[in-house]
Each structure stands twice: as structure tokens, then as C-alpha cells.
Amino acid sequence: MSSEHHGSTVGEACWGAEETRRLRELKEQLDLQENLVKIGHKIVVLSGKGGVGKSSVATNLAVALSLQGQKTGLLDVDLHGPSIPTLLGIERQLTPTGGTRIEPAAYNPNLKVMSVGLFLKDQDEAMIWRGPAKHGVIKQLLTAVEWGDLDYLIVDCPPGTGDEPLSVIQLLEGAASAIVVTTPQDVALNDVRKSVTFCRQVKLPVIGVVENMSGFVCPHCGESIDIFKSGGGSNMAGEMNVPFLGRIPLDPALVSAGDKGLPFVEHLTASPTTEAFDKIVATVIAWCNPTAKSA
Ligand code: ADP
């Protein structure tokens, strides 16, 4: 037996598969800690059900923060239906390098973006993930991505209280807070009550509730019509004893801006929607920085 062969046999005997696995886990844990320690505020955006505008809120919050000079990361953990790349118009920028570190896409010099959607060759490709695989992917997105120094990391979760938000919260080690997005209808509000209860169960502080699609300002007469009723989100927030962050009107211009990959906070600056949203952003910043003096 050659000494080389002998050496590797001894090595394998000393470092069996179990030790190698533990060492790899330890290394991943250190990489995660190293990434997380450089991130100021971690905000998870949740909703009780789909289609209420959660991704639009997450995206525009991240863009608004970045435009205010805050170093921001936007992480899309909606593994089955990643929409952040479309909302920002940055599809298919990334190719897996095979290396251990992943460079996020840059929307602007202050905003780094990561989504599995950025690796898709075809936007119609179905993403099939089993539960345990999802946790691994989310861990990779938090661990292997070069987020660098960030003031804020905004995480867009899929709707509901399933595997993905649980993994994110667990991986962020409780050092995060949540924004819950809802629409004013009763069904959505019942679902959002579950989101708030979920946050309580996993000890995630709730920054507040955003009531989206709340009232429609007629482009012809300027009259406000409450298509889905209004005020439900604020009533629910009061009932659940969580802060109410504000209402965003139903705005057709927001849909076309989103479809074109143009965040409304940047491209519809003079609209009542952006005005309403800016107030929400200011409240979020104040919540995150309670000792900072307002200008
Ligand atoms: P979710 O992440 O909750 O599934 P999205 O942010 O993807 O929801 O929004 C779903 C659709 O609703 C998108 O087409 C988006 O442009 C539209 N939308 C979101 N908010 C508004 C709003 N305030 N007014 C009009 N359309 C909106």
C-alpha cells in the first residue's frame, strides 16, 4: 500500500462522512453569521394570501430606501413564483458560477437584489421544490450571496405561513421584524390575522400593517371609490394591537409600471399612490431607528 493511499485511508477514518458534514455545516453557519452581522435591519414582508400587493410593497420599499441613500438588499424567497425580477425589470441577469459565493444583481448602486427568478432561462419555467430543499435554497441565498454592508435587507416571502417564512425567520435567528400587507376585504383580513398570530408565535415584532388597494381615485372625476371597502386593515391592526402603517390606493398606473419593471416610487413620483407610500416608508424608517431625530 503506498503511503499516499495509506494517508487518505487514515484521513477518511479520522474524518468520516459525519465529521465532514458537521464541518460543512459549521462553515455555512460562520458564513451566515458573517453576512448577517453586516446587515442592519432585516424586514420580512408577509401577507395572508396572494395577490394583495406584497411583492409590490417589498420592491417599492427597497427602492425607496435605496433612493434615500440607504444600502439595501432585496431578497425574493418566493421560490415558486418569484416576481421581484419582473417588478424591477432585471430578469435573467445571473448565471450560476459553480463557485461558493454569489454576486447579487444590482438595481442601482444602493440596491442589491437576489431571487431564484434571476437564474431562470425561461420565465414560464415551473419551479418544483420539496420542503427540505426550500430551506437549503433559502439558506444559500442568505449565506452564499455577497450582500456586503447593508442598512436594510427586505425579504419578500410567499403568501401564507408555510416553509419559506419559517425558514427565513429561523435563519435570521429572530433578528428581524415584519410588515404585513393586506387588502380591505374580510377574507384577506381573516388571513392577515393569521399572519399576525404567526409573527407572535415565532416572536417576530410587527412593524405594522399596510392596507393596499384601499380606495380607487377615479382618473376622470377625482372621486374616491371604496371598491373593496376601506379601513378594514386599520380596524384589524387596532383589534390585533399592531401598528397601522397606512393605505395605498388602487392605482391602474401602478399595474402598468410594475409590468414594465418600473417601480412606482421612482417612476410615478407625483402620484397620490407614491405620496401615500412615502409616508409608509418614513414610518418604517422611524420604527427601525427609534432614537434618530426626525428632520
Ligand atoms: P402579491 O405579492 O401579494 O402576490 P403583487 O405585488 O405581485 O402581489 O401584486 C399583484 C398584482 O396587483 C400586480 O399586478 C400588481 O401590479 C397589482 N397591484 C399591487 N398593488 C396595487 C395597487 N395599489 N393598485 C393597483 N394594482 C396593484
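What share of the contacts in the protein with a separation of 6 or more comes from residues 24 or more positions apart? Those residues account for 79% of them, where a contact means heavy atoms within 4.5 Å.

Okay, housekeeping before the tour. This is a predicted model, so local features need pLDDT of at least 70 and side-chain atom pairs count only at pLDDT 80 or more, while totals for chains, interfaces and linings use all residues. Residues are numbered from 1 along each chain as its sequence is written, and side-chain values use heavy atoms, with hydrogens and water left out.

Of its 295 residues, 48% count as buried. Buried is under 20% relative accessible area, exposed is over 50%, and partly exposed is in between, with a 1.4 Å probe and protein chains only. The accessible surface comes to about 14500 Å², and 55% of that belongs to carbon and sulfur atoms. Those areas come from the Shrake-Rupley method with a 1.4 Å probe, and for residues only the protein chains shown count as cover.

Now the ligand. Which residues come nearest to the ligand? Of the 15 residues around the ligand, they are G51, S55, S56, N212 and D251; a residue gets onto that list if one of its heavy atoms lies within 4 Å. Then look at the backbone. A polar backbone atom of K54 sits 2.9 Å from an oxygen atom of the ligand. On the nitrogen side, P249 has a backbone N or O atom 2.9 Å from a ligand nitrogen, and D251 also places a backbone N or O atom 2.9 Å from a nitrogen atom of the ligand. On its own the ligand has 560 Å² of accessible area, and the protein covers 80% of that.

Is α3 mostly covered or mostly open? Mostly covered: 13 of its 14 residues are buried. After α3 comes G69, with a positive phi near 90°.

Let's move to strand β9, residues 244–250, and find R247 there. R247 counts as partly exposed because its relative accessibility is 36%. Its side chain makes a polar contact with the side chain of E211 at 3.5 Å. By polar contact I mean a pair of N or O atoms within 3.5 Å; within protein, one must be able to donate a hydrogen and the other to accept it, and residues adjacent in sequence count only if both atoms are side-chain atoms. R247 and K279 are 32 residues apart in sequence, yet 9.6 Å apart C-alpha to C-alpha.

In helix α7 we have D191. D191 counts as buried because its relative accessibility is 17%. Leaving aside residues up to four places away in sequence, D191 touches G48 and K49.

Last stop, phi angles. Most residues other than glycine have a negative phi. K203, in the loop between α7 (186–201) and β7 (206–217), has a positive phi near 60°. K203 is exposed because its relative accessibility is 68%. N241, in the loop between α8 (232–240) and β9, is not a glycine either and has a positive phi of about 60°. N241 counts as exposed too, with a relative accessible area of 67%.

Notes:
Helices (H or I, at least four residues) and strands (E, at least two) are DSSP runs, numbered from the N terminus.
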